[in-house]
Each structure stands twice: as structure tokens, then as C-alpha cells.
Amino acid sequence: MQLLFRSEIPSFAWQFRDYIRKKYQIELILQQEKTDMRQNVIAVYLSGNSEQTAAILQDLAEFHRNPFDERYERASWETGDVSSGSHSLKELAENSSQGIKQQLLKTGPVTLLITLICIIVYGFEISGMAEQIMQFAHFPYEFGENQQIWRYFTHSLVHLSSMHITFNLVWWWIFGGAIERYFGSTKLIIIYVLAAFATGVTQNFASGPHFFGLSGVVYAVLGYVFVADKFSPNNRFNLPSGFFNVLIIGIALGFVTPLIGIKMGNTAHITGLIVGLILAFLQEKIGKKSK
């Protein structure tokens with residue numbers, strides 16, 4: 001059997017299977033499996049060789065680019081059934097749902113701590129303490145502030161709007177949490193510390209000290225996940241194709257948004273991405289040499 005993909009979201013597996021069934025009259029095989037971290041996933045397999053294999057792989061690439069396209073849901077309504085292989089879909093759904101709940105409950109302490117700090121700080125900001133917080137947390141630039149070590153990191157914990165904090169924390173929670181589950185809390189701490197420091201230094205050099213937000217660290221996390229996934233023989237993070245292109249597009253948009261009155265820390269984003277890519281690359285190279 002040829003593995004097509006694995007997903008913690010069972011509806012993705014069902015809808016792609018039903019789409020292929022409708023289009024080619026070929027039955028894909030769904031199996032419940034566990035990852036190295038003991039999380040339940042649904043694996044989608046193509047049984048044996050088929051004349052349509054190349055076409056199915058092309059369909060899979062399109063599915064990864066846009067799994068929410070209505071054609072997949074429509075295929076499930078038209079051709080879906082209530083069983084697959086040795087496991088009923090109800091059983092697969094229950095087990096997968098339980099796995100997702102366990103994953104949320106097992107969120108690592110570093111992921112959770114940074115998330116809570118950002119939320120609490122933002123709560124104080126909107127309650128009328130924004131100026132005091134920014135004065136306390138900004139990157140050092142006045143006389144004597146270079147010795148105030150916290151300033152090299154606290155800029156990453158302050159956000160300027162609800163959209164700003166939501167965007168950053170969603171990506172941090174998903175991919176920072178994934179790093180912590182796979183590689184441990186110490187690894188995520190290292191990424192955070194190096195990325196917060198490096199992005200602060202470069203953004204300060206580029207635009208001065210008036211910048212805030214976790215986005216530089218988030219780009220480091222995303223870059224790290226991208227490289228770690230590419231080096232993994234089983235694609236441990238199961239990233240969709242085009243993931244890196246999305247990162248580049250996000251950075252490119254940062255140079256356009258000033259035209260509509262939105263300024264972004266482009267230097268921090270680029271620096272963070274580079275930090276994440278380098279750290280993951282070094283980890284994989286060192287790991288191979290130690291084997």
C-alpha cells in the first residue's frame with residue numbers, strides 16, 4: 001500500500017477518500033494509527049498500483065493546497081458511507097476527537113506560559129496601562145537600558161491590537177506546541193530566546209526601538225518546523241505543500257501593507273525565519289552525525 005497522507009482531522013481523510021471514490025471509482029483505505037507521540041491520526045492509503053496513481057497524486061497536491069474546497073465536502077455527501085475497513089467512521093471520529101482533546105490537554109508548559117503572559121499583558125494594555133507596559137517592555141535605547149536584560153525579550157510579549165495578538169498566538173500555539181511535543185520544552189525555550197533576541201536587535205537597527213509582538217519568534221518557529229519536517233523521513237509535522245511559499249508571501253506582504261497604513265516588523269520577520277531555519281538545519285545535521 002502507498003501512504004498518501006495522515007491527518008488528525010478525520011473529515012479531511014473521509015472527504016478526500018470520497019472524492020477519489022467518486023472521480024475514479026477507486027477505494028482508498030483509511031486506518032487509525034498513532035504517531036511517535038502516541039496521538040491518534042487517520043492514515044489514507046492507496047492499495048496497490050493503479051493506472052490512475054499519478055492523477056490521484058496530482059489530486060492530492062491540489063487537496064493539500066485547499067482542503068476546504070466545497071467539491072470535497074460535496075463528494076462526501078454524494079458518495080460517503082459509514083464504514084471504512086476494519087474501523088467504523090464513528091469509531092475513527094471518536095478516537096481522533098479524543099486524541100485532539102488529549103493533545104490540547106498536553107500542551108507544553110512553555111507554549112502555555114508564553115501564551116498566558118501575552119494574554120495577561122494585553123489585558124493590562126486594554127485596561128488602560130498600555131503606556132506603562134510599553135515603557136517597561138520596549139527594546140533598550142535610553143541611557144542605562146542596555147543593562148536591563150529583560151528588554152531584549154519583553155518586546156515580544158506586548159501586542160498592539162486584538163488582530164495582532166490573535167494572529168501571533170494561533171501560530172505559536174499550533175507550531176510552538178508541536179515543537180515542544182516532539183523535541184521538548186528546552187528546545188522551544190532555546191528557539192524563543194534566540195529568536196526574541198536576534199529579531200529585537202535587527203529590528204531595532206532597522207527601525208528603532210518602537211516595535212512589539214511575537215511575530216519574529218513565530219516566524220522562527222515556522223521556519224524551524226519547515227526544515228524539521230523536510231528532514232524527517234515520515235514528515236513528522238505533515239505540513240501541506242506550499243507551506244514555505246506561504247511564509248515568503250507573508251513576508252512580502254509586510255512590504256506592501258504600509259501603503260494601506262499598516263506597518264509591520266519586516267526585519268524581525270525575516271530574521272526570525274532565518275533563525276528558525278538555521279536552528280533546525282543544525283539540529284538535523286548534528287543528529288545525523290551522532291547516529
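## Arg 181

Which helix holds Arg 181? Arg 181 sits in helix α7. The model is predicted. In this model Arg 181 is buried, because its relative accessible area is 16% and the cut-off for buried is under 20%.

Thr 111 lies 70 residues from Arg 181 in sequence. In space, the C-alpha atoms of Arg 181 and Thr 111 are 9.8 Å apart.

## The largest nonpolar core

The largest nonpolar core has 38 residues. Three of them touch the most other members: Ile 114, Trp 172 and Leu 214. Six helices each supply at least two residues of this core: α5 (109-137), α7 (162-183), α8 (185-207), α9 (215-231), α10 (243-254) and α11 (266-289). Helix α9 gives the largest share, eleven residues.

What does Ile 114 touch, leaving aside residues up to four places away in sequence? Its contacts are Leu 157, Trp 172, Tyr 192 and Leu 214. In soluble globular proteins, nonpolar side chains tend to be buried together.

## A separate core

Another core lies apart from the largest one. This core has 19 residues, including Leu 4, Ala 13, Tyr 19 and Phe 63.

## Aromatic pairs

How many aromatic pairs does the structure hold? There are 15. One of them joins Phe 63 and Tyr 72. This pair is edge-to-face, with 4.8 Å centre to centre and 90° between the planes. Phe 63 and Tyr 72 are both buried. Ring pairs also link Phe 63 and Tyr 72 into a cluster with Phe 5, Phe 16 and Tyr 19.

Phe 139 and Tyr 152 form another pair. Their ring centres are 5.3 Å apart and their planes stand at 85°, so the pair is edge-to-face; the cut-off is over 60 degrees. Phe 139 lies in the loop between α5 and α6 (151-154), while Tyr 152 is in helix α6. The pair therefore ties together parts that are 13 residues apart in sequence. Both Phe 139 and Tyr 152 are buried.

## A nonpolar surface patch

Which residues form a nonpolar patch on the surface? They are Phe 255, Val 256, Ile 270, Ile 274, Ile 278, Phe 281, Leu 282 and Ile 286. Together they have about 730 Å² of accessible area.

Phe 255 belongs to the loop between α10 and α11. Is Phe 255 buried or exposed? Phe 255 is exposed, because its relative accessible area is 52% and exposed means over 50%.

Note on methods: Residues are numbered from 1 along each chain as its sequence is written. This is a predicted model: local features need pLDDT of at least 70, side-chain atom pairs count only at pLDDT 80 or more; totals for chains, interfaces and linings use all residues. Side-chain values use heavy atoms; hydrogens and water are left out. A nonpolar core is a set of buried Ala, Val, Leu, Ile, Met, Phe, Trp, Tyr and Cys residues joined through side-chain atoms within 4.5 Å. Buried means under 20% relative accessible area, exposed over 50%, partly exposed in between (1.4 Å probe, protein chains only). Helices (H or I, at least four residues) and strands (E, at least two) are DSSP runs, numbered from the N terminus. Contact means heavy atoms within 4.5 Å. Patches are made of residues with over 30% relative accessible area and no salt bridge: like charges are joined within 9 Å, nonpolar side chains (Val, Leu, Ile, Met, Phe, Trp, Tyr) within 5 Å. Accessible areas come from the Shrake-Rupley method with a 1.4 Å probe; for residues, only the protein chains shown count as cover. A salt bridge is a side-chain nitrogen of Lys or Arg within 4 Å of a carboxyl oxygen of Asp or Glu. Rings of Phe, Tyr and Trp (its six-membered ring) pair if their centres lie within 6.5 Å; planes under 30 degrees apart count as stacked, over 60 as edge-to-face and the rest as tilted.
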